[in-house]
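Here's a quick briefing for anyone meeting this structure for the first time. Have a look at the sequence and the model, then read on.

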Amino acid sequence: MENLTTNVWGSESYVDLLPPNPIREPFANAWIYMNKHYTKFQIATFGSLIVHELVYFVACVPGILFQFVPFMRRFKIQSNRPESFDGQWKCFKLLMFNHFVIQFPLICGTYVFTEMFGVPYSWEEMPSWYSLALRVFGCAVIEDTWHYFLHQALHDKRIYKYIHKVHHHFQSPFGMTAEYAHPAETLILGMGFFWGILLLANHFIILWLWVTVRLFETIDVHSGYDIPYLNVFHLIPFYGGSKFHDFHHYNFNGNYSSTFTWWDKIFGTDSQYKEYCAKMEASKEKKGQ
């Protein structure tokens with residue numbers, strides 16, 4: 001089994017063939033400085049909050065700018081439903097409530113978790129980069145599984161109007177709507193994020209890496225834009241992407257997964273999406289004749 005105390009860019013067999021990482025030294029210096037000048041509690045709570053807010057709104061910037069660039073309109077999935085200032089302001093206000101009243105207390109709980117299970121913070125105990133990558137991927141698989149089944153349950157007619165209907169207020173989503181949700185939904189679906197951490201975290205950095213990947217991913221699928229060839233997430237097999245999830249907001253049913261498409265394929269909950277895509281393709285062919 002891999003030695004978990006191996007340095008992030010440790011030299012092992014084929015890894016030696018890779019070019020040296022240009023950010024290794026500055027990143028190591030910054031990490032060591034952070035551990036020296038801040039307590040674990042400060043890093044796990046306020047540090048995590050800063051990472052979450054910074055990543056969330058940085059990831060939203062492209063979508064915010066796209067609405068002012070005429071060239072980008074051709075990539076808007078639901079082009080007949082443009083963003084509005086009132087809608088974005090409404091979204092922002094609920095986001096601030098969810099981020100600081102609901103999510104921040106949960107973030108504070110990560111400190112208790114790391115102390116209870118002895119999760120290390122130091123640079124010397126940093127796992128290898130490929131171990132971190134595999135663990136983050138594992139977190140994504142776990143979260144996607146949780147999200148699929150609980151998301152589908154929230155669409156049950158008996159409870160939909162009380163909780164999940166809030167998220168579907170925007171039939172044509174934009175990046176900021178990724179975490180626009182009823183507080184109860186924030187807790188229910190948000191638990192999927194933490195299961196992977198509980199099972200796979202062997203260093204504190206896993207929390208920050210996983211939240212960064214997850215936020216970029218969920219903002220991407222809610223962006224409302226499908227930009228081919230420029231999205232690195234589409235290099236991941238079975239990645240759903242913005243078109244897949246945008247259809248869920250457009251149609252209200254089907255495509256329940258958060259990241260991957262396999263659960264929808266297995267249970268056939270992507271059937272309406274497939275029919276819609278086939279219909280759109282036939283329409284394009286007909287126009288081209």
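Gln78 counts as buried because its relative accessibility is 5%, and buried means under 20% relative accessible area (1.4 Å probe, protein chains only). Keep in mind that this is a predicted model: local features need pLDDT of at least 70, side-chain atom pairs count only at pLDDT 80 or more, and totals for chains, interfaces and linings use all residues. Residues are numbered from 1 along each chain as its sequence is written, and side-chain values use heavy atoms, with hydrogens and water left out.

**Around Gln78**
- You'll find Gln78 in the loop between α2 and α3 (85–116); helices here are DSSP runs of H or I with at least four residues, strands are runs of E with at least two, and both are numbered from the N terminus.
- Leaving aside residues up to four places away in sequence, Gln78 touches Gln171, Ser172, Pro173, Asp246 and Tyr250, where contact means heavy atoms within 4.5 Å.
- A polar atom of the Gln78 side chain sits 3.1 Å from the backbone oxygen of Gln171.

**The largest pocket**
- Its volume is about 630 Å³, meaning the space filled by probe spheres set on grid points that are joined across faces, edges and corners.
- A pocket, on a 1 Å grid over the protein atoms alone, is an open set of points where a 1.4 Å probe fits, with protein on both sides within 12 Å along at least five of seven lines; lining residues have an atom within 4 Å of a point.
- There are 21 lining residues, and Ile77, Lys243, Tyr276, Met280 and Lys284 lie nearest the centre.
- α7 (241–251) and α9 (271–288) each supply at least two lining residues, with α9 giving the most, at eight.
- The lining splits into eight nonpolar, four polar and nine charged residues; Ala, Val, Leu, Ile, Met, Phe, Trp, Tyr, Cys and Pro count as nonpolar, Asp, Glu, Lys and Arg as charged, and the others, Gly among them, as polar.

**The second largest pocket**
- This one holds about 480 Å³ of space.
- It's lined by 26 residues, and Ala59, Pro62, Phe66, Asp220 and Ser223 are the closest to its centre.
- By class, the lining has 15 nonpolar, eight polar and three charged residues.

Key
Buried < 20%, exposed > 50% of the residue type's maximum accessible area, 1.4 Å probe, protein only. Polar contact = N/O pair within 3.5 Å; in protein donor to acceptor, adjacent residues only side chain to side chain.
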